[in-house]
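Here are my comments on the model you sent.

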Amino acid sequence: MSTTAAPPPKKTNRIGLDILPYRGLKTTLCAGCGHNAITERIIEACWEMGVQPWQVAKISGIGCSSKTPAYFLNQSHGFNGVHGRAPAIATGAILANQNLNCIVVSGDGDTASIGLGQFMHMLRRNIPLIYIIENNGVYGLTKGQFSATADVGAKLKTGMVNELTPVDCCIAAIELGASFVARSFSGDKRQLSVILKASLAHKGLSVIDVVSPCTTFNDHDGSTKSYAYMKDHEEPLHELGFVPSYEDIEVDFAEGSTQEVELHDGSRIFLKKLGRDYDPTDRLRAIGMLHAAAQTSEVLTGILYVDRSRPAFTELLNLVPEPLATLPQERTRPSAEDLAQIIDEFR
Amino acid sequence: MSASPVVLDGQETGGSDFVVNDFSIQVATANGSGSQTANNVLMRSIFQMGVPVSGKNLFPSNIAGLPTWFTIRANPKGYIGRKKEYDFLVAMNPETAREDVEKLQPGGAAVYDEPLALRSIRGDVHYYPVPFDKLVAPVCPEAKLRKLVKNMIYDGVMAHLLGIDLDEIRKALFRQFGTRKKKAAELNWGAVLAGKEYAEKNLTKADPFRIERMNANGNKIIIDGNTAAALGCVFAGVTVLTWYPITPSSSLAEALISFLERLRVDKETGKATFAVVQAEDELAAVGMAIGAAWAGARSMTCTSGPGVSLMSEFIGLSYYAEIPCVIIDVQRVGPSTGLPTRTQQGDTLKNALVSHGDTRHPVLFPSSPEECFSMAQNAFDLAELFQTTVFMNTDLDLGMNNWMAEPFEYPESPLERGKVLTAADLDRLGGFARYKDVDGDGIPYRTLPGTNHSLAGYFTRGTGHTDTAAYSEREDDYSNNMDRLARKFDTMRKHLPVAEIAPRPDARIGIVCVGTSRYATEESRDQLLEEYGLACGYMRLRAYPFSEELDQFIDAHERVYVIDQNRDAQLLMLMRLDLAVERIAKLRSIRYYGGLPLDARTLTARIASEEGL
Ligand SMILES: Cc1ncc(C[n+]2csc(CCOP(=O)(O)OP(=O)(O)O)c2C)c(N)n1
Ligand code: SF4
Ligand SMILES: [Mg+2]
């Protein structure tokens, strides 16, 4: 008779998977890089939400940030594309198979510099996917040049100071049509986790701009994307709670203290007020507050904007429910009679 | 055969000799004046008379005002390439009228707008003044429509002068307007009759040109290459089209969209089995097509040279990451403004090689609407079979002009979807290696995102990967993979549309061309034989990479002329990259790059001079 105790049962999620398939290869990024923390949160959020790994497509551009899809969801299809063009690849993938759960990871250079055009048009289309910007204000992979999200007055290690207006990806996202917009900080585990889970429950485009310090090139005094700067300047708009659709939990809160927002799949987010009034369904005020915060060098974080009424691009296209990719020939090649009729029209 | 006209004994008018069914008409108008309908009706009515005909619209990059010419060539032997000379002029544009008359062939004829008073320009052509404005007022009470309707008057005048059956004009006209625009058709018909009546009463036929019924057109249809290519895409089962407007490819996308909306919307549910995105630029257009193909769609984009230049980075990725993509390039002239609405084979070399690193892409060269239709289907099959970008190079001449064509044949073979593993395959195989050459043909297996299997996933990236798609920067992994890609490219040669070869006994000279160069080349070959006694073998390549047949063709001739519609002999340069030195030594270049469709006389003169004839 064996005396060894049975190993403790592996913890599994609601679709019966342990954490392993949600993990990826070992990271090759620098120690302390904010991007690694975001990878961890993606792994947890997907595991907790019971996301099917085979249904996920991970897509990225080029940069340290864009490498990270290799470090999570090992069983999923991944595509490390070309610099700044992940939106196009992801849009195409969604057209081919609208049932894919598409997660795009990009950098601030990838999104706001070389890829600004594609980013903007993806916003306009409200493509149903999650778009994460790992925002460190510099090009990490090419050794620390300014990106287009660098703040005015931000200083590089070389002493160079940025004097150009930064692109605020969240303002652009709210303005041009993303239907879920959030800002967070790679160091804020709890908040980022809720935001990611909420975005998994949202149907439409989720843009999540995460300040993610580059320890190697942009974590010094004078940087506005450093750990220290974020510690001083981050202003969470609310304390976030999340109840997924598959959990039937009553949440009690004092009248007026908390706002509840229901997402497409029935999941609910709870936004508990902190200091100021903020309503993430009010588009104009959201934009106004972000502009005001920029003036006072505050970094507002939290769920900035949610719009559940805006149709996703795939709905506008009025597609058949099955993936276009695997439709059989009978449904994609018209008949000989159809051809004969058309030919007749050219006689 | 000789280019001299068919001359018959004079019959009805004036006892002079007739030139029957063998002449060119040039209609000169201003862009935006609405002459297109009148020109197409005139061309089609000649076609309906059973006479082989071609129509070429030479238009500026402009919406209204700049000069436009439409050339209609009738030819009893079926030569439908451009002919430089024209015999009959319809001069409607005051700005160019003088030059237009000066360029007429001696003995030619000019119908012109009476106030232009062109008679004094030269004495060796026939003049037919027509008071268009006076004639149009009574048949078109609405003043603002007169500019458009006025053009139909010259159809009536020409019908009378050339002997075109008025019923054929009426048929072509009503066909053009379709059943929904009956009123507009009647209005225009009134103008045709007014022109015909005026000509009958006031003009005395003095020129020799006539159209007489023939029976040369059989069962043919008239269609432009872009529409034909669009139809090909529909019958290839395209599911995703992503595009950015650019002349001369826009009408391809627009035709495709209208076919898709008509044929590919589920009758019961009203849902579409296709997705179309007008992208923000060509980078996005091709990126979406590649993303869609990665996820399994039959996806495509269509564009012209400037668009391919923008797409170049993505095309390289498709080569290295082995993702299917179909790009139809309707070629035009060079960058920026100037001649973007003129034709050229300007992307022959670029498309075969485009991008960075070591990249090669298959290119198909259709020459006719029939081939636009069939090769569009080949392109999709090849892209999925070989998991790579496939180009189909057409040009403005083929894409935007109307051509006679045999009715298209319904495709017999099933769609080729390539080596795609399903979840059941993975169960059976116990896994797969994305970039492994399992079958020895260089072509690996792939899976699609969304395949319900824990072993289906793999990571796609550009250069550095092992055969299991793991990240690698090792030199052997890289070079082994590049060698396999080269093997794959080699396998392709046997799967491409085969060349058309027409040998001639005792020919020491060969001529090779692609695409629309065929029309001038075929005609020139006959001119060389008849006028100079020079027999030439002929080969029309239909795809790159070239096959062994090109080697054999070169071996069978002492010298081979390679025809290019570009300055730098791009087709010849491509051959230089691939052929053995002793064969390259036999190649001679003939180039034309003026932006107009190539014509036979130009070729004949060049080859004769090269040959010292
Ligand atoms: C077309 C092209 N231009 C330039 C580069 C070089 N490049 C690689 S990554 C990068 C910037 C990445 O910055 P970011 O997106 O902010 O990512 P990070 O490394 O900071 O995470 C650049 C310019 C490239 N790969 N491709
Ligand atoms: S260089 Fe910066 S962004 Fe890149 S891995 Fe290192 S810390 Fe991260
Ligand atoms: Mg960065």
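This is a predicted model: local features need pLDDT of at least 70, side-chain atom pairs count only at pLDDT 80 or more; totals for chains, interfaces and linings use all residues.

1. In chain A, helix 6 (residues 169–176) packs with helix 9 (residues 283–295) at an angle of about 165 degrees. That angle is over 145 degrees, so helix 6 of chain A and helix 9 of chain A are roughly antiparallel. Their axes lie 10 Å apart, and the crossing is left-handed. Helix 6 of chain A contributes C170(A), I171(A), I174(A) and E175(A) to the contact, while helix 9 of chain A contributes R283(A), A286(A), I287(A), L290(A) and H291(A). By class, these residues are six nonpolar, one polar and two charged.

2. In chain B, helix 9 (residues 282–294) and helix 10 (residues 305–321) pack at about 30 degrees, with axes 8 Å apart. Helix 9 of chain B is therefore roughly parallel to helix 10 of chain B. The two cross in a right-handed sense. On the helix 9 side of chain B the contact is made by E282(B), L283(B), V286(B), G287(B) and I290(B), and on the helix 10 side by G307(B), L310(B), M311(B), F314(B) and S318(B). Six of these residues are nonpolar, three polar and one charged.

3. Helix 9 of chain B also packs with helix 3 (residues 86–96) of chain A, at an angle of about 45 degrees and with the axes 6 Å apart. Helix 3 of chain A and helix 9 of chain B are therefore oblique to each other; their crossing is right-handed. Among the residues in contact are G92(A) and A93(A) of helix 3 of chain A, and G287(B), G291(B) and A292(B) of helix 9 of chain B. The contact of helix 3 of chain A with helix 9 of chain B has eight nonpolar and four polar residues, and no charged ones.

4. What do the two chains bury between them? Chain A and chain B bury about 5200 Å², 64% of it on carbon and sulfur atoms. H77(A), R333(A) and F346(A) supply 15% of the area that chain A buries against chain B, more than any other three residues. The contact draws 53 residues from chain A and 72 residues from chain B.

5. Two salt bridges are counted between chain A and chain B. R262(B) forms a salt bridge with E345(A), with the closest N and O atoms 2.8 Å apart.

Technical notes
Residues are numbered from 1 along each chain as its sequence is written. Chains are lettered from A and ligands numbered from 1 in the order in which they are written. Side-chain values use heavy atoms; hydrogens and water are left out. Axes are lines fitted to C-alpha atoms, for helices over the stretch in contact, and angles run from 0 to 180 degrees between N-to-C directions. Helices (H or I, at least four residues) and strands (E, at least two) are DSSP runs, numbered from the N terminus. Angles under 35 degrees count as roughly parallel, over 145 as roughly antiparallel, 65 to 115 as roughly perpendicular and the rest as oblique. A crossing is left-handed if the near helix is turned anticlockwise from the far one by less than a right angle, and right-handed if clockwise. Contact means heavy atoms within 4.5 Å. Ala, Val, Leu, Ile, Met, Phe, Trp, Tyr, Cys and Pro count as nonpolar, Asp, Glu, Lys and Arg as charged, and the others, Gly among them, as polar. Buried area is the accessible area (1.4 Å probe) that two parts lose on being put together, summed over both. A salt bridge is a side-chain nitrogen of Lys or Arg within 4 Å of a carboxyl oxygen of Asp or Glu.
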